Amino acid sequence: MTLFNMLFFAIAALIVASTALAITRRNLVHAVIYLIFGFFGSAFLFYLFGSPFLAALMVIVYAGAIMILFLFIIMMLRVEAPEERLFPLRQMLPAVFLAAAYMVIGGLLLINDPSAGASLTEARTEPAAFGRYIFTQSWLAVEITSLLLLVAIIGALLVGKRPLKGDEE
Amino acid sequence: MGIPFGYVLALAGIVTVLGMICTAARRNLIMMLLGVEIMLNGAAIAFIAAALRWQQLEGQAFVLFIIAIAAAEVSLGLALIVYLYHRTGSLNPEDYRVLK
């Protein structure tokens, strides 16, 4: 068992534990904080799998911007009303049934797949090579993504403006 | 001696299923949106592992786009949630019964 493997198992346990803690919290702020830890775990995993640029992006964008946006909204809305039951049974049963079915079928698929045993070894993508690849091979996708972000900004502005008008009528 | 590819896929599957449970079972719009984020995270893990397995950069490029799309989705989704909260004063999706 090399250090690479041990690191992978430790990070995997961290990710699963913090994500499971996040989805069972009653307090929304605690849930978001646990999820930030989960995304840090993902960033470690990305670094381990040889993409330091994406690891940095995961910390900056995911943990640093998206989750903080969640925190802002939670604190702005001041949602204190706790859900009467954390997981209402009516919704919990189908979810757990579906999750168990997917886990069993996915596990069987992985066990039967001969190429699933191919082992991953260490490799590293330099950020410069990655950037060159992005802007030469998939520049169209970059442009489309930037357009999508613009649409999201305009949409968020439009949706955020409307309730003021609705209150006046 | 590296990590079997199946282990990483299993980890991605577990994370995705956790997100699915969160989205399907919680009764709070913010938690449901968090569940979608968790599912995207699971997909990103699978893509990174595939990029390492086949030594191709497409997987990493896809993760970059996943992050960008998650940002767009969250900004718009949270704007809609704030709008709904101002309209109805509740974050429980079962309270939204009025079409107008």
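Start with chain A and select its two domains: the centres of domain 1 and domain 2 of chain A, taken over C-alpha atoms, are separated by 27 Å. Domain 1 covers 3–81 + 91–126 and domain 2 covers 138–169; such bounds come from an automatic or database domain assignment.

Before going on, note that this is a predicted model, in which local features need pLDDT of at least 70 and side-chain atom pairs count only at pLDDT 80 or more, while totals for chains, interfaces and linings use all residues. Residues are numbered from 1 along each chain as its sequence is written, and chains are lettered from A and ligands numbered from 1 in the order in which they are written.

**Chain A by element**

Colour chain A by secondary structure. The chain has 6 helices and 1 strand, in the order α-α-α-α-β-α-α from the N terminus. Helices (H or I, at least four residues) and strands (E, at least two) are DSSP runs, numbered from the N terminus. Of the 169 residues in chain A, 20% are buried. A residue counts as buried with 20 or more other C-beta atoms within 10 Å of its own, as exposed with 12 or fewer, and as partly exposed in between, the C-beta atoms being placed from the backbone.

Now select A:Val16, in helix α1 of chain A. Is A:Val16 buried, exposed or partly exposed? A:Val16 is partly exposed, because 16 other C-beta atoms lie within 10 Å. Leaving out residues up to four places away in sequence, A:Val16 touches B:Ile14 and B:Val15; contact means that the two C-beta atoms, placed from the backbone, lie within 7 Å. To A:Thr125, 109 residues apart along the chain, the C-alpha separation is 26 Å.

**Where the chains meet**

Show both chains. In all, 69 residues of chain A are in contact with 61 residues of chain B. The chain A side draws two or more residues from each of several elements, including α4 (89–112), β1 (119–120) and α5 (127–137). By class, this side has 50 nonpolar, 16 polar and 3 charged residues. Here Ala, Val, Leu, Ile, Met, Phe, Trp, Tyr, Cys and Pro count as nonpolar, Asp, Glu, Lys and Arg as charged, and the others, Gly among them, as polar.

Zoom to the strands. β1(A) and β1(B) run antiparallel and are joined by 2 bridges; strands pair if DSSP finds at least two bridges between them. A:Leu120 has B:Ile3 as its bridge partner in β1(B).

**The core**

Next select B:Val8. Apart from neighbours within four places in sequence, its contacts are A:Leu120, B:Ile3, B:Ile45 and B:Ala49. B:Val8 is also one of the residues that touch the most other members of the largest nonpolar core, which has 66 residues. A nonpolar core is a set of buried Ala, Val, Leu, Ile, Met, Phe, Trp, Tyr and Cys residues joined through C-beta atoms within 7 Å. Elements of both chains each supply at least two residues of this core, among them α6 (139–168) of chain A and α3 (58–88) of chain B. The largest share, 14 residues, comes from α2(B).

Move to B:Gln55, in the loop between α2 and α3 of chain B. B:Gln55 is not a glycine, yet has a positive phi of about 55°. B:Gln55 is exposed, because 11 other C-beta atoms lie within 10 Å.

The mean for chain B is 87, and 97% of its residues reach 70 or more. Confidence in chain B is lowest in strand β1 (residues 3–4), at a mean of 82, and highest in α2(B), at 91. The model scores ipTM 0.88 and pTM 0.87.

Conventions:
pLDDT is the predictor's confidence in each residue, from 0 to 100.
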